[in-house]
Amino acid sequence: MGLCMENCGVAIIGSGMAGFGAANALHERGLRGTIYEARPTLGGHTSTHYYDDGYTFDEGPHISFTEIARLQDLFAESVGQKYETLPAYVNNYWQGHWIKHPAQVNLHGLPEDLVIACIRDFITAQHASPGAINNYEDWLLASFGPTFASTFPMQYTRKYHTTEARNLTTDWLGPRLYQPKIEEVLRGAISPNSPDVHYVSHFRYPTHRGFVSYLDKFVPMADLKTGFKVIEIDPAEKQLTFANGEMRAFSEVVSSMPLPNLLKIIKGAPKDVVDAAQLLACSQVVLVNIGLKRPFVSDANWTYFYDDDICFARLSFPSNFSPNLTPQGCSSVQAEVYFSEKWKPLTGAPGDWIEPVIDGLIKCGLVKDRSEINHTSTIFAPWANVIFDYDRPKAIETVHGYLDDVGVGYCGRYGDWAYIWTDQSFISGERAARRALGLTGDEINIKSQHGMMLAKD
């Protein structure tokens, strides 16, 4: 085994947005970290996959809608100012009906009895005492009433989070689920032209090479080592061991690894802390990529699906993000089919879900028949979305407390174990790097005040 005898400085584990956020924070202070990435290519959860037939698919639907000017500028510089600025159009599919998102203020066109029941329950809920809000299901019922809650968000929770709403807390919601006034509900029920109230109004997407190109500016800021899978972290000796047999010393370490995996490889981690990390639940996603021989599959950027007989929870349409993600004259669709080790284990291989996805596309009318399809592929992401169940709060307190004690930094969606977006992940990496440098809390808040504000959303 090879050992780096000199101190290798700050080690950053993971080359996604959080990892490069950490590299950027070090670079701003004249320091150069080393990023270790287990995969052969950079990007982590923000990876982009390129196919020989001319199709390009990201590892899930990633867009940039940050309102932080500093990050807007950094990402724009990273792609040489070549990006698309697009209005966000989001819709829903329910039992043959297409309605704009969010559904609670866009009931127009749904069956009359359903609309009446949704409005009746909503009005009742607004004038009733909500009682104790013990879980996400309680919150939905108190906010919308039983008809809308059970037909739409509770059903979507089963598909997207893989469990019942009653098993989730409410500390992840932020702006994700719009709470309307009665006037908005009524207007959306009687008119097809309701105001846009989605939390994303416009977004940016790189013109070329997919979402991962937003990292281009930051790659030269660190020494990037791909194919370096960490199999042990020794915080006492400040040493990393890799699957390839190499060993590297470090002064500080910052990790964006998923916490359940991270705690398994920390030398000397107490069993109760390792066990706590294993209680943290996260969904897995099979991304089914479909290429079509014709353009303009949908006007939407992404669509939510509620029906049990359609396997995917959401579709996105990469060819609507940039014209350079498909061969000329073609279009693309990416379907998300969710699982989780804790609640809904994956059945079969990822490729087994291609045909069910095509069946769903045909059922909802987006694809006429299989002869239109000229590309199929799958991407399996074993870590997709954090599931905010009731094991999370205590487990996070235990795990993060231990990591703080032994000086192992954590960042990103799977290090913070939070439902955070791209810009928040980048800022999380910056904050973790600053902590590793020994900056005080006040210094972190001053230097990253925009990020702290965003994290409160």
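This is a predicted model: local features need pLDDT of at least 70, side-chain atom pairs count only at pLDDT 80 or more; totals for chains, interfaces and linings use all residues.
## Nonpolar cores

The largest nonpolar core in the model comprises 114 residues, and within this core the residues with the most contacts are L240, L263 and L403. The element that gives the most to this core is helix α1, spanning residues 17-28, which supplies 7 residues.

When neighbours within four places in sequence are left aside, L403 is in contact with L259, L262, L263, I266, V408 and Y410; L263, in contact with L403, is itself among the residues with the most contacts inside the core. Apart from this core lies another, made up of 25 residues, including L315, F317, V357 and V367.

## The open sheet

An open sheet of mixed pairing is formed by 7 strands, which follow one another in the order β8-β7-β16-β17-β18-β15-β19. The edges are taken by β8 (97-100) and β19 (373-381), and each of these has a single partner strand, so one side of each is left without a neighbour in the sheet. From one strand to the next, the twist averages 20°.

Within this order β18 and β15 stand side by side, and strand β15 (residues 283-292) pairs with strand β18 (residues 331-340) in the antiparallel sense over 10 bridges. As one example from this pairing, Q284 has F339 in β18 as its bridge partner.

## A helix across the sheet

Helix α10, formed by residues 354-363, lies across β7 (90-94), β15, β17 (314-316), β18 and β19, and the helix runs at about 65° to β15.

How values were computed
Residues are numbered from 1 along each chain as its sequence is written. Side-chain values use heavy atoms; hydrogens and water are left out. A nonpolar core is a set of buried Ala, Val, Leu, Ile, Met, Phe, Trp, Tyr and Cys residues joined through side-chain atoms within 4.5 Å. Buried means under 20% relative accessible area, exposed over 50%, partly exposed in between (1.4 Å probe, protein chains only). Helices (H or I, at least four residues) and strands (E, at least two) are DSSP runs, numbered from the N terminus. Contact means heavy atoms within 4.5 Å. Two strands pair if DSSP finds at least two bridges between them. Axes are lines fitted to C-alpha atoms, for helices over the stretch in contact, and angles run from 0 to 180 degrees between N-to-C directions.
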